[in-house]
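Q: Walk me through this model one feature at a time, please. Start each one with the general idea and then show me the case.

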Amino acid sequence: MDQKQDVVRLPSERLYTHELEALKKLDQDAKPAGWQLSPKAVLTFLIGGNVKGVAITPKYIGNKRLVEMAIATLLTDRALMLIGEPGTAKSWLSENLTAAIHGDSGKVIQGTAGTSEEHIRYSWNYAMLLAQGPSDQAIIKSPIFRAMETGGIARFEEISRCASEVQDALISILSEKTISIPELGREVFAARGFSIIATANTRDRGVNEMSAALKRRFNIIVLPSPSDIDTEVEIVRKRVREISTSYELRASLPEEEAVRKVVTIFRELRSGMTLDGKEKVKGPSGVISTAEAISLLTGSMALAGSFGSGQISEEDIAAGLQGAIVKDEEKDRLVWKEYLENVMKKRGSTWRNLYFACSEMNN
C-alpha cells in the first residue's frame, strides 16, 4: 500500500518529495553551507513555478517579498520570527522553509504554558543518570540541540505561549550559538547553517510578552491576513483540496460559490464590517481565521460524504458555521443571529437557502 495512505499527515519534505528532487536536480545556483537548495530554488518551492515540466505547487500565497526576506534572514546569523493573526500560515511557511532548506522539518518545539527550559536545551534519562552518572548517552537532546549539532533549523511554534524565563533561555543560544553542559564540562557549538524559526500569534500579545533582548535576536516578519477576498478564496480552495485528498472524504470539493460565501462571512465577522462597507457587524468571541474556514469546509465534506449525497449542501455548511462561530453559547448565538437577520437575510435569493439552514441550526 502507498505509504502516503498510511498516515494522517506527512511532513512537507515527504509530501513534496517529487518537487524537491526536481529542484535539486536542476538547481545550478550556489548553495549556502548546509542547504540542499539555493535561495532561488527555495523561493520557487514556496511560491510555485515550473521546473522542466515539473509543476511546483505554491505553498504560500501572499506577498513574494515577505518570503524573500524570510529566506534572506536564514542566510545570516539572525534567527527568524513569523508573527501574525491565527490562520496566516505561519506554521505552514515555517515547515516548508525548513523542508526546502534542510529536508527535515521535524525538529519542533511546541510552545505551551508547560514548556520548560529543558525542552529548549536538554534533559536526562534519569535511569541511565542514576546508573552511570552524567554521560553523552544519558542526555536527551532537545530539537534545538540536535539542530545545532547538524547545522539544521529548529522550529519553535507559538513561542509567546511559553513563560518569559523559558523564552529567555534562547538568548544565550541565539547570541553565542552554543549550549553549555556543565555536568559534562563541555559546550556544544552550532554547526554552520544552524538557525531557529519561531512563530508567534498576535492574539497572544500580553500573555507572555517577549523581552526586548530576545526580540533583538530575531528578524521579525509580520504575515498579514489575506489582503482581498479573491486571495483568501484561492488559499482556502487549495488547502481544502490538499487536505481532502489525504483524508479520502468521498465527497466532491466545494463549489467556488460555497467557498466564497464562507470566506465572505468570515471576513465580515473578522473585520466588523460588511464587504461593501455599508453596515457594521458584531464579531464573535472566537477566532474567525482562514484556517477555520478551511476546517469548516473539510468538515462539510466529511458530512456530505458520510451522511449525504457526496455533494456539499447548505445544511452541511450551516452546521460548520454554527460550530465555528458559536463558541460562547450565550454571546455568540446572539451575534450570529444578528448577522443572519441584518446581513445574510437581505442578500437575496442566492443566499436564501443558506440563511434558512443557518437560522434553523441557531434556534
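Q: Let's start with a helix pair: at what angle do the axes of α12 and α14 cross?
A: Axes here are lines fitted to C-alpha atoms, for helices over the stretch in contact, and the angle between N-to-C directions runs from 0 to 180 degrees. Helices are DSSP runs of H or I with at least four residues, strands are runs of E with at least two, and both are numbered from the N terminus. In this case, α12 (residues 229-247) and α14 (residues 290-307) have axes that come within 9 Å and cross at roughly 45 degrees. That makes the pair α12 and α14 oblique, since angles under 35 degrees count as roughly parallel, over 145 as roughly antiparallel, 65 to 115 as roughly perpendicular, and the rest as oblique. One caveat on what you're looking at: this is a predicted model, where local features need pLDDT of at least 70 and side-chain atom pairs count only at pLDDT 80 or more, while totals for chains, interfaces and linings use all residues. Residues are numbered from 1 along each chain as its sequence is written, and side-chain values use heavy atoms, with hydrogens and water left out.

Q: Which hand does the crossing of α12 and α14 have, left or right?
A: If the near helix is turned anticlockwise from the far one by less than a right angle, the crossing is left-handed; if clockwise, right-handed. α12 and α14 cross in the right-handed way.

Q: And which residues in α12 and α14 meet?
A: Contact means heavy atoms within 4.5 Å. On the α12 side you have E232, I235, V236, R239, V240, I243 and S244, and they meet T290, A293, I294, L297, T298 and M301 of α14. Sorted by class, the contact of α12 with α14 has 8 nonpolar, 3 polar and 2 charged residues. Ala, Val, Leu, Ile, Met, Phe, Trp, Tyr, Cys and Pro count as nonpolar, Asp, Glu, Lys and Arg as charged, and the others, Gly among them, as polar. As for the spacing in such lists, an α-helix has 3.6 residues a turn, so residues three or four places apart point the same way.

Q: How are α16 and α17 oriented to each other, parallel or antiparallel?
A: The axes of α16 (residues 329-342) and α17 (residues 349-362) cross at roughly 155 degrees and come within 10 Å. α16 and α17 are therefore roughly antiparallel. Their crossing is left-handed. R333, W336, K337, L340 and E341 of α16 make the contact with Y355, C358, S359, M361 and N362 of α17. The class count for α16 with α17 is 5 nonpolar, 2 polar and 3 charged residues.

Q: Next, burial: is F145 buried or exposed?
A: Buried means under 20% relative accessible area, exposed over 50%, and partly exposed in between, with a 1.4 Å probe and protein chains only. F145 sits in helix α8 (residues 143-150) and counts as buried because its relative accessibility is 0%. Beyond its neighbours within four places in sequence, F145 contacts I120, R121, Y122, I179, I181 and V188. Take I179: it is 34 residues from F145 in sequence, with 7.4 Å between their C-alpha atoms.

Q: What does the side chain of T202 make a polar contact with?
A: A polar contact is a pair of N or O atoms within 3.5 Å; within protein, one must be able to donate a hydrogen and the other to accept it, and residues adjacent in sequence count only if both atoms are side-chain atoms. For T202, the partner is the side chain of E85, at 2.8 Å. T202 belongs to the loop between β10 (195-201) and α11 (212-216), and with a relative accessible area of 18% it is buried.

Q: Where does K52 lie, given its positive phi?
A: K52 is not a glycine, yet its phi is positive, about 50 degrees. K52 is in the loop between β1 (49-51) and β2 (54-56), and at 72% relative accessibility it counts as exposed. R250 also has a positive phi, near 55 degrees. It lies in the loop between α12 and α13 (256-271) and is exposed at 68%.

Q: Zooming out, how many helices and strands does the protein have?
A: The protein comes to 17 helices and 11 strands. Of its 363 residues, 48% are buried. Among contacts between residues at least 6 apart in sequence, 71% join residues at least 24 apart.
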